[in-house]
Amino acid sequence: MSRNGRARRTPDCTAAGSRPRARSRAAADRDGACERQRSEGAGQAFVIGVLTSPADFEQARAWRLSDAPDHEQYLKETAELLADARCRFDTVRARMFHPQDFAEFCLLHGLDPAEPVARDRYLVNPALRTQLLAYQGEELAGDFVPRLVRARENGLTLRHADLLLDGRLYGERDDAVAGAYERGAEVFRRMLLGAGSGVYELRLSVDAPGGPLAAAARVLQWEDGVVRINDEDLELLCAVLCAGLARELPGLAVLHGAQGSAAACGEYRPTAWAWASEGRVWAPAAGPVRLDGVAAEPGYRLETVC
């Protein structure tokens, strides 16, 4: 693990597969140690890159990121490192360590990929900050690793959207982009509000220069209107909607899943609604559509949803 030397308000520490120190204390002792160690990392953020597949692990062997014998053991050791980091630092963040991205980054900046400084610069590269996820103790090999993979894919789409908006998505937004972002968020809110409680997936595609902007997110909506969605997925959906509306690009959206709730005696109804945009307004699709293999009928009029 090495400390990033640049002056920051919340300094980053970075790691890319370092072997964690042995931890042999009982759980109670470990909890007490956490309290003592946290003061050491007060005001700091810990950033780690995770090799998310056996293939990526094998490809990265030459760079000596880890001396684990295989990817399974590597994930176990990385989970221990993350647990230790949560004891020490105020914020713990992770991103997918993608070997091809890393090799291209090193080539672009003239870095030796086997040197720790190259890994540190890659992990905290501002252009890739949208790929970072906060780690809050999730099971690494369960839900969190797939989220890291999606976060990289989402990050590439966010960069595309930001380029279409001349850097105004993550830079200083003018009135046009800020207004488009608010309108896009409102479109998404009305889609969910009209659907009611249930478990859904929203698929979104906007035709854009350089290739389509695509987004997908799973959403759980309770009877009282509370919505559960990963923050990074919500950010992506709003960004794609924003870029489409700001640049007046045509698009298609499908919301599908199971409508209903446990409060209704477990009655769930399969549903699939579709909306289309010519660039300025999202309205029910003109007829049945298919997006990413999902067939859907025209959705409800969003302006009738309050």
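On a 1 Å grid over the protein atoms alone, a cavity is a set of points where a 1.4 Å probe fits but cannot get out, while a pocket is an open set with protein on both sides within 12 Å along at least five of seven lines; lining residues have an atom within 4 Å of a point. Grid points are joined across faces, edges and corners, and a volume is the space filled by probe spheres set on the points.

This is a predicted model, in which local features need pLDDT of at least 70 and side-chain atom pairs count only at pLDDT 80 or more, whereas totals for chains, interfaces and linings use all residues. Residues are numbered from 1 along each chain as its sequence is written, and side-chain values use heavy atoms, with hydrogens and water left out.

**The chain**

The chain has 8 helices and 13 strands; helices (H or I, at least four residues) and strands (E, at least two) are DSSP runs, numbered from the N terminus. Of its 306 residues, 47% count as buried, where buried means under 20% relative accessible area, exposed over 50% and partly exposed in between (1.4 Å probe, protein chains only). Among the contacts (heavy atoms within 4.5 Å) with a separation of 6 or more, 66% are between residues 24 or more positions apart.

**Cavity and pockets**

The structure holds 1 cavity of 30 Å³ or more. The lining of the largest cavity consists of L51, F57, A60, R61, L65 and S66. In the table, Ala, Val, Leu, Ile, Met, Phe, Trp, Tyr, Cys and Pro count as nonpolar, Asp, Glu, Lys and Arg as charged, and the others, Gly among them, as polar.

| Space | Volume | Lining residues by class |
|---|---|---|
| Largest pocket | about 270 Å³ | 6 nonpolar, 3 polar, 7 charged |
| Second largest pocket | about 210 Å³ | 3 nonpolar, 2 polar, 6 charged |
| Largest cavity | about 40 Å³ | 4 nonpolar, 1 polar, 1 charged |

The largest pocket is lined by 16 residues, of which R150, N154, A215, A216 and A217 are the closest to its centre. At least two lining residues each come from α6 (140-164), β6 (198-206), β7 (213-221) and α8 (231-247), and β7 gives the largest share, 5 residues.

Around the second largest pocket, the lining includes R129, T130, R147, D231, E232 and E235. Both β5 (133-134) and α8 supply at least two residues there; the largest share, 3 residues, is from α8.

**Helix α4**

Helix α4 spans residues 99-109, and P99, D101, F102, F105 and C106 in it are buried. These residues are on the same side of α4 because they cover an arc of only 160 degrees around the axis, the arc being that of the directions from the helix axis to the C-beta atoms. Cover for the buried residues comes from elements including α2 (54-59), α5 (116-123) and α6. L107 and L108, on the other side of α4, are exposed. Just after the helix, G110 has a positive phi of about 65 degrees.

**R301**

R301 lies in the segment after β13 (294-298). With a relative accessible area of 48%, R301 is partly exposed. P284 is 17 residues away from R301 in sequence, and the C-alpha to C-alpha distance between them is 6.0 Å.
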